[in-house]
Amino acid sequence: MGRSSRCDEDASRAMRAPGHPQASYAMESLMDDLAAKLGMDPLEFRKKNLKDTVYHRQLDRGAREIGWQRRNQTPGAGAGTLKRGIGCAVGTWGGGGNDQCKVDVTISRDGSVVVAVGTQDLGTGTRTFTRAIVAEEFGLQLKDIVEKIGNSKLGGANASGGSTTSASLSPSVKDAAIKARMAMAEKIAPLLGNAKPEEITFANGSVNGGGKSVSWQQAAAALPAAGITARGGWRSDLQSSGVHGACFAEVEVDTETGRVRAIKMVQVQDVGLPLNRLAVESQINGGMIQSLGMVLSEGRVMDAELGIQLNPGFGDYKLPGAAEIPELVPLIDDEDKREAVIGVGEAAIIPSVGALANAVFNACGVRIHDLPMTPDKILMALMNGRTTA
Amino acid sequence: MKTFEWASPATINEAVQLLKSAPVTSDIDEAARPMAGGQDLLTTMKDYSTRPSRVVNLKGIRGLDRIQGNGRTGLTIGALVTLSQLEENPVVRASFPGLGEAAHSIATPQIRNLGTVGGNLCQRPRCWYYRLEEVICLKKGGSECYAAKGENKYNAILGGGPSYIVHPSDLAPMLLALGASVSVVGADGKRVIPLDKFFTLPADGNIRRENVLKNDEIITQIQVPASPVAARSTYLKFKERESMDFALASVAAAVQLRANKSIAQARVVLGGVAPIPWRAPQAEQFLVGKMLGPDVLAEAARLALQGAQPLEKNAYKVPLAQTLVRRALAKAVNG
């Protein structure tokens with residue numbers, strides 16, 4: 001593995017965990033073949049060879065969720081035209097953040113709160129967690145915070161890549177929010193019987209200390225005319241790196257047409273501290289769906305003589321549509337106790353490619369070495385023997 | 001897209017005159033084109049596969065958007081009837097179920113709301129060499145069918161040469177199985193063309209076209225006769241992507257059963273495998289008098305694909321289409 005070939009085509013571009021789903025597909029297909037050769041349960045084979053026990057608990061949880069015992073004991077066994085199979089695979093990713101983000105949190109006398117940083121939201125939840133971290137610090141709700149992002153005049157931020165946006169940005173947001181809270185506490189201490197700033201608490205829209213309680217609005221009204229602005233920066237202790245994922249897929253292969261239909265996918269993923277569970281689950285769902293496209297339908301078709309791509313549009317480059325999406329079960333691995341942000345965007349696409357490929361093998365006993373596994377390849381492999389080049 | 005004149009006539013005769021009077025061109029792809037739903041024509045114009053000097057909008061012509069008749073009289077379907085209208089029509093669903101299934105199998109709800117029956121029959125090929133602007137293939141006046149030796153997994157296994165396109169219409173195989181014909185109006189008057197004389201093989205007709213329509217002719221109606229096979233008709237389409245796709249292969253089947261459940265007559269037409277909807281007369285004849293069973297289905301499927309000559313990358317279409325023949329016949333007979 002890991003050999004490049006010159007092919008006189010347009011260069012490939014970075015796409016969600018570049019190289020990882022491809023390598024994972026190859027590696028996990030080989031692991032599955034080894035397990036089959038040895039007559040071993042592919043899951044037990046993996047547990048025997050994976051030293052990191054995080055994988056063990058993730059594999060066990062995914063196995064329970066999908067019903068691993070229902071798989072074909074012998075790949076391709078069973079009568080009938082429609083054959084079901086279940087496969088599993090694991091994946092790893094780095095993630096983690098670095099020192100690039102400068103975040104400003106401003107509290108005005110009218111009680112409004114603005115969190116500002118020059119980052120952008122790729123659709124992966126930056127706006128949501130930026131608000132949420134500040135809201136939590138002040139005991140306010142998401143709707144009470146305004147985030148200003150996507151402007152390079154604001155505090156510097158990291159580029160999005162390598163699943164580092166959340167892990168780089170959120171420590172700085174947290175730092176700014178803590179500094180703003182402490183600055184506010186100092187200013188409003190007289191309102192609260194000159195309580196020590198570090199003993200003033202912010203919860204449920206009120207500010208409490210010195211045996212007294214005022215509303216957030218009353219507290220903010222006591223601030224100087226210009227309000228308060230605090231700038232936050234990098235805190236390495238609030239981020240970490242290194243995640244694990246395990247995916248299980250169930251498919252049904254129509255052995256007379258070559259159609260592979262995904263039935264169910266389960267993916268267990270650790271993410272450090274999940275900033276927003278819905279967003280993390282959506283990332284895992286998206287990873288499973290993109291894997292589905294990669295395994296079953298998406299592929300660049302080049303003409304060898306003309307040197308052009310024949311399917312540059314979404315008519316012939318076939319992304320999965322609504323009818324292709326199976327039941328998806330995204331599971332956050334809550335046994336990961338790290339109180340640190342990591343980033344899950346790319347991690348989520350890695351284990352599911354191998355899981356789907358292994359499910360196809362388990363269903364019909366055919367190992368396809370060439371993605372996508374379109375009906376023509378499956379059907380010809382079933383007719384001609386057990387494998388394709 | 002190349003600039004074009006836009007004309008919006010109110011009558012069929014005006015439309016025909018507008019097609020006929022368009023600037024004369026030596027390039028057939030620059031001839032004036034009629035437009036109904038525009039779902040295919042506009043894509044060919046964006047790809048520069050067609051560059052019509054004038055586009056004649058048919059949507060303003062009244063009376064072509066109705067489905068009339070029933071199972072006893074046969075159907076008259078206006079050319080501007082949308083695919084949605086066809087799939088939702090209760091008479092079609094009850095008495096010509098295969099036709100409703102064929103309409104439903106096409107593209108997406110959005111496209112079916114705009115695409116018309118006439119337009120569906122007149123779609124241009126989907127072959128990616130034809131659709132790519134930078135490739136001038138045989139169908140576009142070039143000298144080579146690049147699919148013949150290139151990436152031909154979607155191309156023809158029957159009736160190919162010198163071009164190896166497959167006809168993209170899903171209605172065509174079903175309408176052909178039901179014995180339909182089209183009414184056509186042109187500058188030289190009106191004519192009725194049975195569908196089995198409408199589509200042309202590349203070797204027989206104009207290589208730049210897929211049917212016998214002249215540049216100034218418009219389909220106005222499709223007639224589907226009452227038939228003893230219509231009630232047991234079905235359309236089975238295999239798509240690489242179920243959500244939205246053209247057929248890798250499809251089968252329109254229709255049967256009439258005797259009291260003892262043996263087959264009195266059968267129609268089998270394949271889609272997605274040939275430059276025209278491909279009728280399988282040997283399979284049809286074989287089925288007469290037979291009781292359906294695994295051996296009969298297997299032989300009918302074998303006969304339907306007899307003579308198939310796969311290209312380098314589409315041999316899978318033979319067993320795939322055979323499977324579809326078996327399944328479609330079983331569904332037509334057993335419901």
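Trainee: What makes up the polar side of the interface between chain B and chain A?

Mentor: In this predicted model, 18 residue pairs are in polar contact across the interface, both residues at pLDDT 80 or more. From chain B, α8 (128-131), β9 (233-239) and α12 (317-334) each supply at least two residues of the side that touches chain A. α12(B) gives the most, with five residues. The rule also finds seven salt bridges across this interface.

Trainee: Why is the pair A:Asp254 and B:Arg327 called a salt bridge?

Mentor: The cut-off is 4 Å between a side-chain nitrogen of Lys or Arg and a carboxyl oxygen of Asp or Glu. Here N to O is 2.7 Å, so the pair qualifies. A:Asp254 lies in strand β9 (residues 243-254) of chain A, and B:Arg327 in helix α12 of chain B. B:Arg327 also forms a salt bridge with A:Glu256, at 3.2 Å.

Trainee: Why is A:Asp254 called buried?

Mentor: Buried means under 20% relative accessible area. A:Asp254 has 9%, so the residue is buried.

Trainee: And what makes B:Arg327 partly exposed?

Mentor: Its relative accessibility is 29%.

Trainee: Is A:Arg259 buried or exposed?

Mentor: Buried: 17% is under the 20% limit. B:Glu242, at 35%, is partly exposed.

How values were computed. Residues numbered from 1 in each chain as written. Chains lettered and ligands numbered in written order. Predicted model: local features only at pLDDT ≥ 70, side-chain atom pairs only at ≥ 80, totals over all residues. Heavy atoms only, no water. Polar contact = N/O pair within 3.5 Å; in protein donor to acceptor, adjacent residues only side chain to side chain. Helix = DSSP H or I, 4+ residues; strand = E, 2+ residues; numbered from the N terminus. Buried < 20%, exposed > 50% of the residue type's maximum accessible area, 1.4 Å probe, protein only.
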